Amino acid sequence: MLRSSVFILIAALAASVSARADEAALVGKGREVALLHCARCHVIDAEKRLGGIGSTPSFPLLMSLADGEHRFVTFFDRRPHPVFIRMEGVEPLTPLPANAAEAELTVDDLDALIAYALSLK
């Protein structure tokens with residue numbers, strides 16, 4: 001009985017370590033996406049605190065808000081993002097050209113970006 005409990009515990013620990021490694025990789029990818037597409041307007045973390053545009057909220061500030069997670073999940077619907085964010089399978093808001101360099105995001109990019117934002121809480 002004790003032996004089977006030890007094996008179950010070892011298997012659970014191995015799964016937990018693997019899940020944490022997967023989450024860390026997702027967060028790392030999310031930071032890369034944020035650096036590539038978001039940091040031109042937003043401060044994405046303390047390391048890049050001198051970037052962004054002064055009128056845009058930083059990622060840490062957004063995540064400190066009560067609805068911060070919701071804001072990240074729906075960011076591509078919030079102004080000015082619909083004008084230049086292009087999401088896989090989502091029709092652009094307008095057929096007019098973007099007013100800034102377009103950012104092409106996939107669903108995987110969005111998942112990674114949200115994982116990164118959640119890591120800032």
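**Close-up views of the model**

**View A. Met63 touches Gly68, Glu69, Phe72, Ala117, Leu118, Leu120 and Lys121, once its neighbours within four places in sequence are left aside.** Contact here means heavy atoms within 4.5 Å. The structure is a predicted model, in which local features need pLDDT of at least 70 and side-chain atom pairs count only at pLDDT 80 or more, while totals for chains, interfaces and linings use all residues. Residues are numbered from 1 along each chain as its sequence is written, and side-chain values use heavy atoms, with hydrogens and water left out. Met63 is placed in helix α2; helices (H or I, at least four residues) and strands (E, at least two) are DSSP runs, numbered from the N terminus. With a relative accessible area of 5%, Met63 is buried, a term for residues under 20% relative accessible area, as against exposed for those over 50% and partly exposed in between (1.4 Å probe, protein chains only). Met63 and Leu118 are separated by 55 residues in sequence, yet their C-alpha atoms are 7.2 Å apart in space.

**View B. The whole protein comprises five helices and two strands.** Along the sequence, these elements follow the pattern α-α-α-α-β-β-α. The protein has 121 residues, of which 29% count as buried. Its accessible surface comes to about 8000 Å², and 63% of that surface belongs to carbon and sulfur atoms; the areas come from the Shrake-Rupley method with a 1.4 Å probe, and for residues only the protein chains shown count as cover. Among contacts with a separation of 6 or more, 43% are between residues 24 or more positions apart. The mean pLDDT, the predictor's confidence in each residue on a scale from 0 to 100, is 82 for the protein, and 83% of the residues reach 70 or more.

**View C. Phe59, Phe72 and Tyr116 form one aromatic cluster.** The structure holds two aromatic pairs. Rings of Phe, Tyr and Trp (its six-membered ring) pair if their centres lie within 6.5 Å; planes under 30 degrees apart count as stacked, over 60 as edge-to-face and the rest as tilted. The pair of Phe59 and Phe72 is edge-to-face, because the ring centres are 4.9 Å apart and the planes stand at 85°. This pair links distant parts of the chain, with Phe59 in helix α2 (residues 59–64) and Phe72 in helix α3 (residues 68–73), 13 residues apart. Phe59 is buried at 3% relative accessibility, and Phe72 is buried with a relative accessible area of 6%. Phe59 also pairs with Tyr116 in a tilted arrangement, at 6.4 Å centre to centre and with 50° between the planes. The second pair likewise links distant parts of the chain, as Phe59 in helix α2 and Tyr116 in helix α5 are 57 residues apart. Tyr116, like Phe59, is buried.

**View D. The side chain of Asp45 makes polar contacts with those of Arg31 and Tyr116.** The distance is 2.7 Å for Arg31 and 3.0 Å for Tyr116. A polar contact is a pair of N or O atoms within 3.5 Å; within protein, one must be able to donate a hydrogen and the other to accept it, and residues adjacent in sequence count only if both atoms are side-chain atoms. Asp45 lies in the loop between α1 and α2 and counts as buried at 10% relative accessibility. Apart from neighbours within four places in sequence, Asp45 is in contact with Arg31, Pro60 and Tyr116.

**View E. Ser58 lies in the loop between α1 and α2.** Its relative accessible area is 18%, so Ser58 is buried. A polar atom of the Ser58 side chain lies 3.1 Å from the backbone nitrogen of Leu61. Ser58 and Ile44, 14 residues apart in sequence, are 5.9 Å apart from C-alpha to C-alpha.

**View F. The largest nonpolar core has 22 residues, of which Ala34, Phe59, Phe75, Ile85 and Leu113 touch the most other members.** A nonpolar core is a set of buried Ala, Val, Leu, Ile, Met, Phe, Trp, Tyr and Cys residues joined through side-chain atoms within 4.5 Å. Two or more residues of this core come from each of α1, α2, β1 (85–87), β2 (103–105) and α5. Helix α5 gives the largest share, six residues. Not counting residues up to four places away in sequence, Ile85 touches Phe75, Phe76, Ala103 and Leu105.
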